[in-house]
Amino acid sequence: MSTSKVRWAAVTGHSLFWPVVALLALLTANTIYRPGFLSVEMKDGHLYGSLIDILRLAAPLILVGLGMTLVIATGGIDLSVGSMCAISGAIACLHISQQPDQNALGGVLVALALGVGLSLVLGAWNGALVSIIGIQPIIATLILMVAGRGLAQLITEGQIITINSEPYKAVGVGYLLTLPISIFIAVGVALVVAAVTRRTALGMIIESVGGNAEASRLAGIRSARITFLVYVISAVCAGIAGFMVTANVSSADGNAAGLWIELDAILAVVIGGTSLAGGRFSLGGTILGALLIQTLTTTVYAMNISPQTALLFKAVVVIAVCLIQAPAFRAKFARRGPAAPAAPLAADQPKEQVPA
Amino acid sequence: MTTTSLTPTRDWWRIPQRYVPVLATLTLLLVMYAVGVSQYRAFSNVQVIFNVFIDNGFLLVVAVGMTFVILTGGIDLSVGSVVAMTAMMSASLLQGGMDPAAVLVIALLVGPTLGFLMGCVIHFFEIQPFIVTLAGMFFARGMCTFISKSSIPITDPFWTSMAQERIGDPRGNFVSISVLIAFVVVVVGAFVLAYTRLGRNVYALGGNQQSALLMGLPVGQTKIAVYAISGLCSAIGGILLSFYTLSGAPLIAVGMELDVIAAVVIGGTVLTGGSGYVFGTVLGVLVLGVIRTLITFDGSLNSWWTKIVIGGLLFAFILLQRLIGIRKK
Amino acid sequence: MSGRQPVLTMTAISKSFPGVRALDGVDFRLFPGEVHALMGENGAGKSTLIKVLTGVYGNDAGVISLAGQQVSFSGPMQAAAAGVSTVYQEVNLCANLSVAENIFIGREPRTLGAIRWGEMRRRARDLLARLDLHIDVTQLLGTYSLAVQQMVAIARAIDIQARVLILDEPTSSLDATEVEQLFRIMRHLRDEGIAIIFVTHFLDQVYGIADRITVLRNGRLVGEYPTAELPQLALVEKMIGKELDVLESLDEHAKRDAREIEAGTPFLQAEELGRKGSVTPFSLTIHAGEVVGLAGLLGSGRTEVARLLFGADRADHGKVAVDGKSAPLRNPIAAIGHDIAFCSENRRTEGLVGELSVRENIILAMQAARGWLRPIPRRRQDELVDKYVKALSIRPADPEIPVRNLSGGNQQKVLLARWLITEPRLLILDEPTRGIDVGAKAEIQKLVVQLSDGGMAVLFISAELEEVLRLSHKIAVMRDRQLVTELVNDHTVDADRVMQTIASGTHHEGPEVA
């Protein structure tokens, strides 16, 4: 094999190759359909354009996706993030709506603190069910997925709480230094999560627990604590996303806020190259996945297709991505591609397969 | 390690452990009913119970299909969307003037076909059921709006007659045809699970897939079959729903999969598979229905309490399953 | 036996996997109405032979004949249909189904597609009665003990008109009375004319039930013997063999002097430590700088001892003291806190995290001990990793590649490096040289000597007696889940002596044979 071929194989074999290709294809399609798509213009000191919109609208999904990435890396899943969005948005909006001056920064900060605090509690609940009681993650978080919507409605008493608070609204649609504030928040949280996982040993230990739980236990890792922690992080990320979702529309709707965001988040994580079985995770990949999903949604809107029909495309993407990642699928079609570089292992395996 | 004795270990006052969850649900149902009767005079009316069946007939049918899937240790998130898609498609075809019989046949074919395809992907490519049926859910929901963005009314005489037919005393206590259909589905489902090889293979698969393979059972066929069955039940549920609402709406039955899963789990079926009964699922659906009825009767409680209570029950039953699981070891 | 026709003959069976010849021209004969023990150590080829017989693997060469007909099964199902049924070590039935169903599932009596439950239960009761087992067949299988489950598995196997019944380590999780129940049934079936292949690691059981024994070693046939004509010692010798080929480094450490070490203060003292169903309570003392070898056949409880000392399994009996102070080793974290390290024999499932890089795998235990909030600085990581990649000559020397891409020997070194950087005072090595090449093996052996010279205590577990003899100051001998005796490895101890002890289970002064 020549070097260029090797290099090409390394590029196409990279887990983010196909997502990047898909994203570029979507952007190209949009540009052809609407030549002004890529243009970004300055109005009133703000940048406007489809690309900026995509970034702004993708922010909540990126946040939820970041937390979900860590949960999935441990081999778990968090179905309750959508409900968490609704709950944190609801409690924040409720608090603001009860203030005499909804524009007072102090009240808004308290509201945000309440939302994050409640998310911490709910995250701890999920974490306890999974790590202490030992219930399967998908089942444990299903409980809060069902009951959480009810809790959110309980907080809003079934109403859609409408607020008129500029500082809160800014979380969703405000601008800072020409860019939407939500982008800064998403980038900020991403940097924090990246720092917490990659500047400390947390990331490696999460990957170790997700990659091989028994080996991790025998290496002396306290995996219950790690598992607990990731559900708390996921809940806090979802809580912050809940602020954005509700701030975007200046109202909290216990039913609609964050609806199906858990599914989009899982999808973003999977597209981003983190395996649902756990192990190695990629925060950058998840962000890319979230952007891809949002671009797809925006594209569908732009082409005047109903947003619900966009689900058809999502279905295709989900299946395509999962098939590409599935070992069984790869094995069935492996003969066409170059051989996987796992040859040294193959020599080792049979020796361990023949214990008499 | 278990004991060395030849006699099985029995406790729980000699009630076999496999019946504990179902009995717990039955007790819960009776207690809830007793509370309802003691609090509200009208609750003791037999029609209240009939109405629970009438309002939840389609849920019951879908839950029977879900029971099959969960018994194998899988999950089917697509049911709500498939229900909506079936209703939408029937409404749209009827609007186009197609013969009702042909519409029924087509509507009953699409759901199982989608289920079959999902089962194939799950089995052949070893992708988690969760993800595959999630894609199925997106697909079916997308199809709904693809058919129409707004709700389509149904005026077909066969459909309206099915919707309005009252069985029993039309002025006194009655049930709808949907309830009878739901009962037939329940009985067939229970029979298949208890008396056919397919049904027993479903249990074996949920108990231990590796063992099922080594015992020579058709694991792949069974796996594909349960998703097809769930698709069929969703299709029947969709038709019942279109009888009930006389329309097809693109956003109907959103989140229904959660109600269905909750009903199956509250009915005592273990989410990891291998243990549970269709009878339990019937009880689970009734518990959900009675909670809604109680909250309606109360008037001061709001509908969101339904979700919170269902979530609480889900927690209680999952915890019960977990405790029984630990006791076994 | 010569007057009868064998029901099964396997002639010149060979089977290779990439890089290893699992079976090399093995012959095997089985007569009707006999219990035939198939014996051999790890890698001898027992499992492969059975898998070739039942069609799990195809054979590269050789012929299988069943009742005079040449056969080649496509899988266990087809084999069972032809009368060759297998009952595995782990009960492969469904605990959530009733006993009757477990026997008949897939072959239920039916009318018009509906299962006739009454008849199924009746037939199940009759069948179990034939095995002298009278239980309620409507109960879930999971409510019965493992022994009963094992017998139900046998009932399922023989209902398919079995001529050959393969019992693959059926007794490994049964206690003495359960084993006796199982034997009763085996004798019963034998008397009915069924031929039974019995795979086990328990010598007593072989002599308790087997009529004949076939011994395999390293994929080759050692021989076929009537049980009565093969003393236990001879059997052990034939199983273990005498591999005196890798002896270059033996001289300098030929007999390691244990006296001064034994005089020092003990590092770890286990008193009557045990776990029900896993290992009988044992006592063992390990001194600083001492290499304690753990000898015994596969399945004799060697690994179980190691796991208890590391807290990987929790002991339900006895106590442990470290440095003379009581130290309950409830979990691995507790053991690591007492500077104990453990390299599992299952590198891939219990040792390494395949996806992570060599570097990450090496620092994992040290990092775990520090907690995730105090990451090891990258420079320090690189120093440590570099040092050990060089010291242990891990190949390839790139610490950033996933560890799953390394060969077995290099993976083993990575696992060793993980624990060495934590500077343990007791290193438990479970089969560290299994499945790795000769060069890496010698390196690991040298390393053990170096470490113990540096004052580290080592518990060394190996199936290879020569290796244990070469490295150990003291040898603890395991047999049938019991630590039977400790031998100080002086000039009086050699492979024969250890084998005798394994074979007889008692401490012999002279070279007498049991």
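Figure 1. C:Arg122 and C:Asp126 both belong to helix α4 (residues 117-130) of chain C. They sit four residues apart, about one turn of the helix. Their side chains meet in a salt bridge at 3.5 Å, N to O (a side-chain nitrogen of Lys or Arg within 4 Å of a carboxyl oxygen of Asp or Glu). Over all chains, a search of the whole structure finds 33 salt bridges. Helices (H or I, at least four residues) and strands (E, at least two) are DSSP runs, numbered from the N terminus. This is a predicted model: local features need pLDDT of at least 70, side-chain atom pairs count only at pLDDT 80 or more, and totals for chains, interfaces and linings use all residues. Residues are numbered from 1 along each chain as its sequence is written, chains are lettered from A and ligands numbered from 1 in the order in which they are written, and side-chain values use heavy atoms, with hydrogens and water left out.

**Figure 2. The open sheet of chain C.** Four strands of chain C run in the order β2-β1-β4-β5, with antiparallel pairing (strands pair if DSSP finds at least two bridges between them). β2 (20-30) and β5 (69-71) of chain C are the edge strands; each has a single partner strand, so one side of each lacks a neighbour in the sheet. On average, neighbouring strands are turned by 30° against each other, direction ignored (axes are lines fitted to C-alpha atoms, for helices over the stretch in contact; angles run from 0 to 180 degrees between N-to-C directions).

**Figure 3. Strand β1 of chain C, its partner and a helix.** Strand β1 (residues 8-17) of chain C pairs with β2(C) over seven bridges, in the antiparallel sense. C:Ser16 has C:Arg21 in β2(C) as its bridge partner. Helix α1 (residues 46-53) of chain C packs on the sheet. This helix touches β1, β2 and β4 (61-66) of chain C (contact means heavy atoms within 4.5 Å). The direction of α1 makes about 115° with that of β1(C).

**Figure 4. The interface of chain B and chain C.** The contact takes 30 residues from chain B and 36 residues from chain C. Together the two chains bury about 2800 Å², 57% of it on carbon and sulfur atoms (accessible area, 1.4 Å probe, lost on being put together and summed over both parts). Two salt bridges cross the interface. B:Arg200 and C:Glu101 meet through their side chains in a salt bridge at 2.5 Å, N to O. On chain B, the elements that give two or more residues to the side touching chain C are α7 (177-195), α8 (197-207) and α9 (209-214). The largest share, six residues, comes from α8(B).
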